[in-house]
Amino acid sequence: MPASSSVHPPSDPADRGHLLTEQANPRSAQLDQLSALELVDLFNQEDHRTLAAIAAAREALAAAIDAVTTALAQGGRLFYIGAGTSGRLGVLDAAECPPTFCTPPELVQGIIAGGAGALVKSSEGLEDVAEDGAAAIANCNLQPQDVVVGITAGGTTPYVRGAIAAARQRGATTVFMACVPADQVPTEADIDIRLLVGPELLAGSTRLKAGTVTKMALNIISTGAMVRLGKVYGNRMVDVAVTNTKLRDRALRILCDLTDLDRDAAANLLDRSHQQVKLALMMHLGGLDADAAAQRLAQHGGHLRRSLEAEG
């Protein structure tokens, strides 16, 4: 369970000084007097806390993986929504799913307060309107089989909280991801992920440890769900989109490593599979032509291992 805070909320609701992410870190009280090497060492020491935070949130992260897997398997979508650094990290994770797992762009989507322009230019003032978050959700035509992950380091961002409330009203599964304890900022989301890395070295700068641990958590959720959906064989990204020279090289190495083929034969197989690594493996390992291999994969939800085991 997330740790409790001994700092009580102030009487002024606009005062966020009690939040864990806003407190001053005693270990960096002399930050402006450190040498470059001392700065590196201190950052390194503090970043170890991200690993402990992920470990403490393991059950909530696993619940999120299961929820996303179920949703996507049933035709749902995954939405990340946030503002500032949190929003940018959600958009980044969503953008990396199509090339890594050959997913359609609409399957995993990132929403940031201020839209695309906020990715490269600060627009943090846009996070203060809960109705804007609710409107963003409404624009997505959200369905009950969808999952919405609200990302807010300090937990109080109105834009995110408005989005989560709107998603709940539409029956979608909601996930709340924050770096403050639940007793400081409660939530009514279905899954509550608290990544407690403690105060930042630069007080309040949540692009530091909070940003790092958020990226780690998103890596785990999206990759974990894609693994469960059968887009991975062993530890290879067999649904990789072969869209450039680097990715074709990776595809060929995957085929060579998982078969008895040399590189030229692997290239021929990849071409016959229309640049689809999973299909190529099903063809070769299952002794099937492209149409039969595609049919076998479809019968088993795109899971290569299940398809091969059924074939055997």
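This is a predicted model: local features need pLDDT of at least 70, side-chain atom pairs count only at pLDDT 80 or more; totals for chains, interfaces and linings use all residues.
Asp271, at 40% relative accessibility, counts as partly exposed; by definition, buried means under 20% relative accessible area, exposed over 50%, and partly exposed in between, with a 1.4 Å probe and protein chains only. The side chain of Asp271 meets that of Arg248 in a salt bridge, at 3.4 Å from N to O. Arg248 is also partly exposed, with a relative accessible area of 26%. A salt bridge here is a side-chain nitrogen of Lys or Arg within 4 Å of a carboxyl oxygen of Asp or Glu.

Residues are numbered from 1 along each chain as its sequence is written, and side-chain values use heavy atoms, with hydrogens and water left out.

Let me continue with the salt bridges. The count by this rule is 13. Arg228 pairs with Asp66, and their closest N and O atoms are 2.9 Å apart. Which parts of the chain does this pair tie together? Arg228 lies in helix α6 and Asp66 in helix α2, so the pair ties together parts that are 162 residues apart in sequence. Helices (H or I, at least four residues) and strands (E, at least two) are DSSP runs, numbered from the N terminus. Arg228 is partly exposed at 47% relative accessibility, and Asp66 is partly exposed at 37%.

Is Asp146 buried or exposed? Asp146 is buried, with a relative accessible area of 1%. Its side chain meets that of Arg77 in a salt bridge of 2.8 Å, N to O. Asp146 lies in the loop between α4 (130–139) and β3, and Arg77 in the loop between α2 and β1, so this pair joins parts 69 residues apart in sequence. Arg77 is buried too, at 19%.

What does Ile193 touch, leaving aside its neighbours within four places in sequence? Its contacts (heavy atoms within 4.5 Å) include Ala57, Leu61, Val175, Phe176 and Ile221.

The axes of α1 and α6 are 9 Å apart, at an angle of about 40°; axes are lines fitted to C-alpha atoms, for helices over the stretch in contact, and angles run from 0 to 180 degrees between N-to-C directions. Among the residues making the contact are Glu46, Arg49 and Leu51 of α1, and Lys209, Val213 and Met216 of α6.

Finally, the chain as a whole. The chain has 11 helices and five strands. Its C-alpha trace spans about 70 × 50 × 35 Å along the principal axes. Of the 312 residues in the chain, 47% are buried. Among contacts with a separation of 6 or more, 65% are between residues 24 or more positions apart.
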